[in-house]
Amino acid sequence: MKKTLIIRQQCWHTVCCLTALLACLPLLWPRMLPRAWRSAAPEYAGDIILAAALVSLLVLGISSLFMLMRLRNLHTLLHLAIWALQWFLTCCIFTLLAYFADVPAPAPPAEPVAQADVRANAQIDEEPKRTSLPPADTLIGPTALVIPISLAAEAPTVIGSAPHLIALEREHPELLRAYIDQSPRWSASLSDQTFYTKPWHVVMLLRDREIGPGFVHVAFLRLTDGQQLPAGYTVVKSGAPFPAITEPEAQMPDLALDLDGGHLLLLAWRGPGNAQRVSSALNAAIQEVDKMVRPLAEDATAATLEKLVNGTNDGQLEDPDSPPEPDLLLSEPQTACYQAQILANPGEKGSFQLTIRDAESGEILRTFDAIPAHFSHNPNALFCHDVPGDSPSSLHKRAATSPSPKKMPVFIIPYGKKPHTLEASFELNFCPDSDRTPRHVLTKTYRIIPFSDTKEHSDDLPEQKSSPVFPPAIEQK
C-alpha cells in the first residue's frame with residue numbers, strides 16, 4: 001500500500017490541485033450557483049480548498065518519510081520539487097482566473113462608533129440593515145417619461161380641450177414641430193403608431209383605489225401629405241363625446257386627438273375597463289400634455305423652446321430651517337428600462353459616480369462615471385442631475401447594450417440570460433476636483449428587473465397591445 005502511494009503520489013497531488021481550483025470557481029463567479037446557495041458558498045468552498053491542501057501535505061509527508069527511511073534522499077527531493085511545481089502552477093492558474101473574473105473590491109471597514117453614538121442609535125440598529133424600495137419615484141424635468149395624473153371629481157362626458165396645443169398648431173406650427181423633434185420625451189416615439197409596445201415613451205400613471213393602477217400611453221403622430229389616418233385608432237376632436245362602450249368591462253379604444261394641423265395626439269389606455277374612470281384619465285392626460293406646452297404658447301420664442309427642451313437647473317429651495325438632504329430617485333417607464341435622478345448640492349466643483357451593484361453578491365451591474373455636478377454655496381438648494389442624460393459616457397455605452405434610441409433618457413441594467421427580480425444597491429459617490437478621493441453620499445436599494453441578453457432574448461421586451469409590461473412594484477400598490 002505504501003509503495004503504491006509513493007508511486008502514484010503525483011496523481012494524488014494533481015487531484016488535490018484540481019479540486020482546489022474547482023472550489024475557487026464559485027468564489028470568483030458567484031452567479032454560476034443558484035441564488036439560495038450563494039451566501040453559503042464561500043464557507044464550503046474554503047473548507048474544500050483547505051481539505052485539498054491538507055490531503056496533499058499528508059500524502060507528501062507520508063511518502064517523503066517512507067523514502068527517507070529507505071535512504072532515497074534524491075528521490076525525496078525530486079518529489080518535493082514536483083509537488084512545489086504543481087501547487088505553483090495551481091496558484092498561477094487561480095491568479096489568471098481571478099484576473100478575468102474581475103472580482104469587486106471588498107467594502108471598506110466601518111469606522112469605530114463612540115459609545116454615546118451606539119446608545120443613541122440602538123433603536124436604529126435593531127431595524128433591518130437593508131430595505132429595498134420599488135422603482136416608483138416621481139422624476140421632475142423635461143426628460144421624465146412617467147408622469148402621475150389624478151382624476152377629476154366628476155366623470156367627463158366629452159373629450160377635454162387642449163387650447164395651447166391647438167393654438168401652437170394653428171399659429172406657430174414650426175415651434176411645435178421643433179419642440180416635438182428636439183424633446184427627449186417625444187422624439188423617439190414620433191410617427192410610431194405602435195409606440196405603446198416600446199419602453200421609451202411618455203406614460204401617464206394613474207393610481208386609483210377603486211379600479212387599481214392604470215396607464216395612459218401618450219405620443220405625437222405627424223401626418224405628411226397623402227398619409228392616411230392611423231389604423232386602429234378612433235380619430236376624435238376636443239369637445240366631441242367619448243366613443244360608446246357597450247360592454248361594462250370593455251376596453252376604451254385607442255384615441256387620436258386631432259389638433260387641426262399636421263399632428264395627432266395618440267392616447268392608449270391600458271388598465272381596468274371602467275368607462276367613467278377611463279374617460280377621466282384620458283382627459284387628465286390631455287390636460288397634462290397641454291400644460292407642458294403652455295409656456296411656449298404664451299411666449300412663442302426660441303428661448304422658451306430651449307427651456308422646454310433642456311429645462312432649467314436653478315436649484316430647488318427648501319425650508320431654510322431644515323437644509324434638504326441629497327436623494328436618489330428611480331423611475332421605471334416599462335420593464336427593464338429605467339430613469340434616475342440625483343438631487344444634490346455638493347457645494348464645490350466635482351462629479352458624481354453612480355454604481356449599481358447586486359445587493360446580494362456585490363457584483364457591479366453598471367456604472368455611470370463623471371456626471372458633472374451642479375452646485376452653489378447655498379446650503380438650502382438642491383440641483384437635479386439626470387441619469388443617464390447627464391453622464392457623458394452613457395450614450396456610447398448604451399448603444400452596445402440597449403435597444404433604445406441613443407437620444408432617449410433611459411438605461412438598462414444587463415444581468416444574465418433571463419430577466420428576474422433582484423435587489424440592487426445604488427451607491428452614489430462624489431469626487432471633488434480638489435481631491436481625488438471619492439466621498440460617499442448615499443446608498444439606496446431598489447427591487448429591479450434587469451434586461452435580458454439582447455441577442456438571444458430580444459422578445460422579452462413588451463410587445464403586447466392588450467397588457468403592456470409595467471413595474472410590478474407599481475401594480476402591487
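Contact here means heavy atoms within 4.5 Å. The model is predicted.

**View 1. Q341 sits in strand β10.** The strand covers residues 337-344. Q341 has a relative accessible area of 1%. That is under 20%, so Q341 counts as buried. Its side chain makes a polar contact of 2.9 Å with the side chain of D386. Neighbours within four places in sequence are set aside for the contact list.

**View 2. A nonpolar patch on the surface includes M32.** M32 lies in the loop between α2 (9-28) and α3 (41-69). M32 has 48% relative accessibility and counts as partly exposed.

**View 3. Helix α4 runs over residues 73-101.** At 1.5 Å a residue, its 29 residues should span 42 Å. The end C-alpha atoms are 42 Å apart, so the span agrees. Buried residues in α4 include T76, H79 and Q86. W87, T90 and A101 are buried in α4 as well.

**View 4. Helix α9 is largely enclosed by the rest of the structure.** Of its 18 residues, 13 are buried. The helix covers residues 275-292. From first C-alpha to last, α9 reaches 26 Å. This is close to the 26 Å expected at 1.5 Å a residue.

Terms used. Residues are numbered from 1 along each chain as its sequence is written. This is a predicted model: local features need pLDDT of at least 70, side-chain atom pairs count only at pLDDT 80 or more; totals for chains, interfaces and linings use all residues. Side-chain values use heavy atoms; hydrogens and water are left out. Helices (H or I, at least four residues) and strands (E, at least two) are DSSP runs, numbered from the N terminus. Buried means under 20% relative accessible area, exposed over 50%, partly exposed in between (1.4 Å probe, protein chains only). A polar contact is a pair of N or O atoms within 3.5 Å; within protein, one must be able to donate a hydrogen and the other to accept it, and residues adjacent in sequence count only if both atoms are side-chain atoms. Patches are made of residues with over 30% relative accessible area and no salt bridge: like charges are joined within 9 Å, nonpolar side chains (Val, Leu, Ile, Met, Phe, Trp, Tyr) within 5 Å. Accessible areas come from the Shrake-Rupley method with a 1.4 Å probe; for residues, only the protein chains shown count as cover. A salt bridge is a side-chain nitrogen of Lys or Arg within 4 Å of a carboxyl oxygen of Asp or Glu. The expected span of a helix is 1.5 Å times one less than its number of residues.
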